[in-house]
Amino acid sequence: MEGVRAHAGGIYLLAPAEPVLEMAVMAGLPRAFAAPWERVGLGAPIPVAEAVRERRLVWVGGEEDMARHYPRIALVLPYPFTLAALPVTCAGTVYGAVFVTWPGAHPPELADWERERLVSACDGLALRLEREAAAGRPVRRGPQVAVGAPVAGVSSAVEAVRMVGRLPDGMCSLDLHGRVIYANGAASRRLGVPVRKLLGHPLWRTLPWLDDPVLQERYRAALISRQPTSFTALRPPGDWLTFQLHPSSNGVSVRVTPARGPVAEAPRQVGACGAGEPAVGLVTISHIVHLAGALTEAVGVQDVIDLVADEIMPAVGSRVVAMVAPEAGRLRVLGHRGYRDPSVVDRYDGLSMSVPWPTAQVLASGVPAFFESEQQMRRLFPDRPPIPDGMAAWAYLPLIASGRPVGTCVLGFPEPHSFGTDERALLTSLGGLIAQALERARLYDAKHRLAHGLQSALLPRTLPALPGLEAAARYLAGTEGMDIGGDFYDLLRVGDRAAAVIGDVQGHNVTAAGLMGQVRTAVRAYTAVGQSPGQVMECTNRLLIGLDVELLASCIYLHLDRDGRRALAAGAGHPHPLLREPGGRVRTLDLAQGPLLGIDADAVYGTVEFPFPPGSVLMLYTDGLVECPGTDIDAELAGLADHLSVAGDLPLDRVADDVLALSGERGRRTDDIALLLLRSSLTPPR
């Protein structure tokens with residue numbers, strides 16, 4: 001920290017036999033500030049875990065950078081500061097990670113000399129850890145360093161003390177943990193407490209009317225940002241006081257004065273919690289906020305289980321987790337993590353809700369259960385058979401959402417564990433957050449299964465094997481919504497010809513998918529009666545308008561005349577196909593298309609002929625393949641043509657997979673993709 005002029009930092013060590021980083025030491029700020037990250041999984045989206053995963057220095061250049069890349073941390077620590085995290089590795093072995101922070105005044109980029117000193121320091125630390133491990137003395141996370149005795153006096157010069165004592169304003173000096181190490185007489189009079197009672201304790205412990213997380217938040221903001229701040233508080237019965245905080249690297253100076261002018265906003269009164277009942281601590285609130293932010297990212301049930309395993313298990317020290325839900329009067333295991341033998345969890349699956357086990361009881365009663373040892377479990381549930389899960393303590397959390405039970409979360413601990421009042425309250429609160437996330441996730445999974453089943457039923461299961469023609473098709477749902485849309489394709493035999501169609505019905509919902517099925521069926525029917533491509537488009541257009549669904553569709557339909565080595569096509573506002581000629585040249589086919597289907601009942605769609613000799617490859621696609629926010633369509637088409645030119649001689653299934661992979665590299669897709677590749681055989685059919 002001194003070498004790079006940082007104001008805070010810490011060291012994490014990799015836990016033995018666990019993919020978890022444990023904080024070993026922290027300096028420059030109270031360790032309680034980092035309570036949500038005392039133990040973090042290697043997969044957690046935070047800088048120290050990312051530094052270990054990717055074996056590189058991770059730099060966060062300020063508030064905006066933190067909010068963009070690590071929103072969970074920004075939610076808990078919304079202050080101006082910069083951060084660097086580095087892995088501690090030696091000869092391929094990872095020992096942990098280091099992080100250091102600077103106030104918001106630090107430049108948004110890390111200087112070269114700072115980078116060099118940080119890397120050198122971590123390399124030196126790694127060598128020392130390697131030597132200790134080789135000598136059989138691996139360094140492990142130890143107990144929290146004991147807090148020193150309260151300071152009874154001050155170390156300032158006598159004259160400076162006298163000067164401060166003569167000031168009319170209250171003056172206090174706090175250490176990094178918020179403890180008062182000096183207060184003048186005016187501070188005692190303003191706060192109504194003798195100086196001797198102030199010394200050695202945080203102000204919010206001595207003065208109940210300051211025991212408010214909102215006010216503690218101002219203190220934490222001053223320490224982390226190293227910027228002065230202030231707040232106004234009411235000293236009962238009616239004295240408003242202004243507290244001005246001036247932070248530095250070794251503490252905070254506080255000036256206490258009467259508030260001037262009308263007080264715009266009164267802080268919450270801690271006394272409203274009830275006589276003798278303490279307010280919820282800021283660290284606990286921060287912990288819950290951090291974990292709540294993590295759970296909001298869960299989409300499906302497996303996401304919820306993964307987040308509980310990666311975020312909550314390391315935070316509370318549990319080793320295993322299982323999620324159980326009621327279904328038709330029986331218990332169903334939704335998922336689990338950490339069990340050496342997965343079959344242990346399978347014993348829960350299918351059990352009756354009436355079984356005298358804690359899982360079912362907690363689910364039925366809605367009351368959490370905490371078992372601090374195996375003996376306590378056997379005493380309270382003698383009929384529960386022993387489960388060889390290797391755990392010695394358990395927390396059973398009821399998952400209640402919308403007033404009804406949606407499941408039970410079981411957390412297992414490898415050693416006997418005493419659950420304190422605060423920990424029980426925290427775990428119970430987390431159970432409520434998990435329940436809401438699980439309810440949303442199960443609803444999403446149900447909709448996803450419905451969408452997937454409907455989409456699969458509306459698209460061809462396989463493409464027919466047609467002589468003289470090789471074909472491959474792919475459908476990829478968009479990354480947003482229900483994974484259901486109106487993109488479709490089809491390939492069918494028409495006498496001595498092959499007919500192909502690709503289209504896109506407007507919308508991403510069940511209505512669009514249903515209409516897509518009708519359009520595809522109509523195209524098949526009009527094809528069966530021998531209509532030309534233009535006539536098929538015109539009839540389908542009139543059908544769509546007659547359905548009165550107020551949805552539009554784009555489409556390309558074509559006949560492949562293999563004997564004549566030519567193709568006939570018609571289009572309705574659809575992206576132009578790409579044709580790769582046998583020599584490798586790729587060109588865009590301009591089919592002189594008509595308007596989108598569903599606009600004008602009298603629209604005319606012409607039929608265009610183009611050569612399709614053996615060895616040619618035709619690529620038909622929907623707009624999701626080339627349209628993506630922040631990209632240039634012309635550039636995407638050019639890249640697609642270049643790839644088809646190079647890879648066009650490969651098997652079409654390989655080409656289709658590569659094309660979708662290239663599309664995925666562009667980032668988040670918002671639209672569906674349908675892709676149909678056709679290659680004329682080098683050997684003409686008989």
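Start with the largest nonpolar core, which has 60 residues. Select Trp 37, Val 48, Leu 191, Leu 210 and Phe 243: these have the most contacts inside this core. Next, color helix H9, residues 213–225. Helix H9 gives the most to the core, with six residues. Keep in mind that this is a predicted model. As background, nonpolar side chains in soluble globular proteins tend to be buried together.

Now center on Leu 191. Show its contacts, leaving out residues up to four places away in sequence. Leu 191 touches Leu 198, Leu 203, Leu 207, Leu 241, Phe 243 and Val 256, as well as Trp 209 and Arg 235.

Switch to the surface view. Select Leu 543, Leu 547 and Val 549, which form a nonpolar patch. Together they have about 180 Å² of accessible area. Leu 547 lies in helix H17, residues 533–547. Is Leu 547 buried or partly exposed? Its relative accessible area is 31%, so Leu 547 counts as partly exposed.

Last stop: Arg 442, in helix H15, residues 421–458. Arg 442 is partly exposed because its relative accessibility is 26%, and the cut-off for buried is under 20%. Which residues does Arg 442 touch, not counting those up to four places away in sequence? They are Val 301, Ala 325, Pro 326, Glu 327, Arg 332, Leu 334 and Val 406. Finish by selecting the C-alpha atoms of Arg 442 and Val 301. They are separated by 5.9 Å, yet the two residues are 141 residues apart along the chain.

Technical notes:
Residues are numbered from 1 along each chain as its sequence is written. This is a predicted model: local features need pLDDT of at least 70, side-chain atom pairs count only at pLDDT 80 or more; totals for chains, interfaces and linings use all residues. Side-chain values use heavy atoms; hydrogens and water are left out. A nonpolar core is a set of buried Ala, Val, Leu, Ile, Met, Phe, Trp, Tyr and Cys residues joined through side-chain atoms within 4.5 Å. Buried means under 20% relative accessible area, exposed over 50%, partly exposed in between (1.4 Å probe, protein chains only). Helices (H or I, at least four residues) and strands (E, at least two) are DSSP runs, numbered from the N terminus. Contact means heavy atoms within 4.5 Å. Patches are made of residues with over 30% relative accessible area and no salt bridge: like charges are joined within 9 Å, nonpolar side chains (Val, Leu, Ile, Met, Phe, Trp, Tyr) within 5 Å. Accessible areas come from the Shrake-Rupley method with a 1.4 Å probe; for residues, only the protein chains shown count as cover. A salt bridge is a side-chain nitrogen of Lys or Arg within 4 Å of a carboxyl oxygen of Asp or Glu.
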